[in-house]
Amino acid sequence: MSAIESVLHESRVFAPSAEAAAGAAISGMDAYRALMAEAERDYDGFWAKLARETLSWRKPFSKVLDETNAPFYTWFEDGELNASHNCLDRHVEAGNGDRTALIFEADGGEVTRVTYQDLLQRVCRFANALKRRGVKKGDRVVIYMPMSVEGVVAMQACARIGAPHSVVFGGFSSKSLNERLVDVGAVALVTADEQMRGGKALPLKRIADEALAMGGCEAVQSVFVYRRTGGEVEWHAPRDIWMDEAAAQEADTCAPEWVGAEHPLFVLYTSGSTGKPKGVQHSTGGYLLWAAQTIKWTFDWKPSDVFWCTADIGWVTGHTYITYGPLALGATQVVFEGVPTYPDGGRFWNMIEKHKVSVFYTAPTAIRSLIKIAEADAKVHPRSYDLSSLRILGTVGEPINPEAWIWYHEQVGGSRCPVVDTWWQTETGGHMIAPMPGATPLVPGSCTLPLPGIMAAIVDETGQDVPNGQGGILVVKRPWPAMLRTVWGDPERYKKSYFPAELGGKLYLAGDGSVRDKETGYFTIMGRIDDVLNVSGHRLGTMEIESALVSNPIVAEAAVVGRPDDTTGEAVVAFVVLKRPRPEGEEAVKLANELRAWVGKEIGPIAKPKDVRFGDNLPKTRSGKIMRRLLRSLAKGEEITQDVSTLENPAILEQLAQGR
């Protein structure tokens, strides 16, 4: 039985415990259905009420949803607010300045605690430093940082002065960083001397310097450098300035820049099927509302919780569920630097025990890798730690297979913590389909039902609804406040990618295939319908990886597909044609390793192919189109049963199959 079939035939149901239901803000399915009915009955009123209850507005809004320029929807557009004020000032003003905001644990285990008062002052000082260097409202700032308090400070400082930020994951290459600096038109860059990961120092400043030297980003006038390790770096004065020295010269107060609700809060790049990353643009008001509201619903958040999302701020999960959502609620949260397997495979469980974490949110990839380690070494098994503080577990980034779900539920949650499997995307801003722990009966492998106000559906290629039990394309039928507003600088790509004409131009295309259970209506995500791979929860465009491979002087042609992987969910498989005779034996192994390293340098380590196969050519139709469906079958080790009569070179299939 395949992984998908096992999910679809999953019969185990885990009803909310009496304890979870009794204390929940949304308790029982009747309460959930009432919220859904309220949204359907008065869509504008539903969202307006949430926005007024959840956020602090400098100028109240009178408009809610404006659909006159669909699909360029706007929300609360005549209202004014500031994201940083909502995340910091209002909690301090309410007398909660002494509450712990961040519990930061560094790669080596050192712990730093930061209160809301401390965080506000640090953000204000850096916001003033940005302004002193000429950064103003509307200017874009790129952040290329390790996981750190300073990373959160940099993001919040940008929000404070109305300068949209664009965070680039610290594992990306100089070329990837350069592309994003150029596309977003950055005027400043915030980086670090180095980052620590698994006990190893990795250069960030050097990569940043390489990116800037590539050209196209001459608008970058300032580079702020966080002193993480004290490692030696090249210095380019007056452009470069130490972040701590710049902040130390400034006052610890900075009036927030009040902006319209539609003012861009950030641009975050995500892989697209055309090769060029898409700059997903999010607004301030609608995004912040949903960041906070989804924590309330999906994690049944309580002021006494210690929340821990293990994501990196370079991804949207780190934006929504570290930098903005928890802080908007005044939550106490753990932030960590490093990897779950250093100094050993018990890092997560040790931190949960040490910091008394109650809500834990991580990726299925991490869970699967820790299962292997834990089952092989009792010392780092979750049962060797006191995890009694946990009350809710969550997963993010990709569907979780039922076996990993059960292990997570039993071994980490002690069979008492609900597991909330969340489906959402960079583009959606926050959770879209996810259980409510006090209301939704759980089925391992299913993200269950849409959150209140989210009108999700499954349609065919023409946009018509399909019956439950029949697979199709996942769409959202109505706009919602946290949706992306456009693709930065490319509105046509926004329309074509997310509101395609073939679906009528008004359905949001998620890009995932899905099926709903015939009886419960629960959603199960089946995987991408386009050429985007999901590796360890990171979206990678096949075209992006192919372009990197072909840029190598020895490569003539390349095709990249994905195959299921027990650890990473999906693995990258590259089929390569060289400009020289096809290598065999040790030479093939050597060249495969060289090409893996090349992709790592061009894009980043996460994009390295797990399998590189060499062929004299690729399977193509007589018109020259690469038959990717055949390559997917070869990558999985399946026997080719499809019709290959249109192939120009059917013999190549055997050659590529033997290259496993």
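Author: Happy to! One cut-off comes first: angles under 35 degrees count as roughly parallel, over 145 as roughly antiparallel, 65 to 115 as roughly perpendicular and the rest as oblique. Keep in mind, too, that this is a predicted model.

Let's settle on helix 12, which covers residues 316-329. One of its partners is helix 7, residues 149-161, and the two pack at an angle of about 60° with their axes 11 Å apart. Helix 7 and helix 12 are therefore oblique to each other. Their crossing is right-handed. On the helix 7 side, the contact is made by Val152, Met155, Gln156 and Ala159, which meet His319, Ile322, Thr323, Tyr324 and Leu327 of helix 12. Sorted by class, the residues of this contact are six nonpolar, three polar and no charged.

Now turn to helix 5, residues 83-96, which packs against helix 12 at an angle of about 40°, with the axes 8 Å apart. That angle makes helix 5 oblique to helix 12. Here the crossing is left-handed. Ala83, Asn86, Cys87, Arg90 and His91 of helix 5 meet Thr323, Tyr324, Leu327, Ala328 and Leu329 of helix 12. This contact has six nonpolar, three polar and one charged residues.

Technical notes: Residues are numbered from 1 along each chain as its sequence is written. This is a predicted model: local features need pLDDT of at least 70, side-chain atom pairs count only at pLDDT 80 or more; totals for chains, interfaces and linings use all residues. Side-chain values use heavy atoms; hydrogens and water are left out. Axes are lines fitted to C-alpha atoms, for helices over the stretch in contact, and angles run from 0 to 180 degrees between N-to-C directions. Helices (H or I, at least four residues) and strands (E, at least two) are DSSP runs, numbered from the N terminus. A crossing is left-handed if the near helix is turned anticlockwise from the far one by less than a right angle, and right-handed if clockwise. Contact means heavy atoms within 4.5 Å. Ala, Val, Leu, Ile, Met, Phe, Trp, Tyr, Cys and Pro count as nonpolar, Asp, Glu, Lys and Arg as charged, and the others, Gly among them, as polar.
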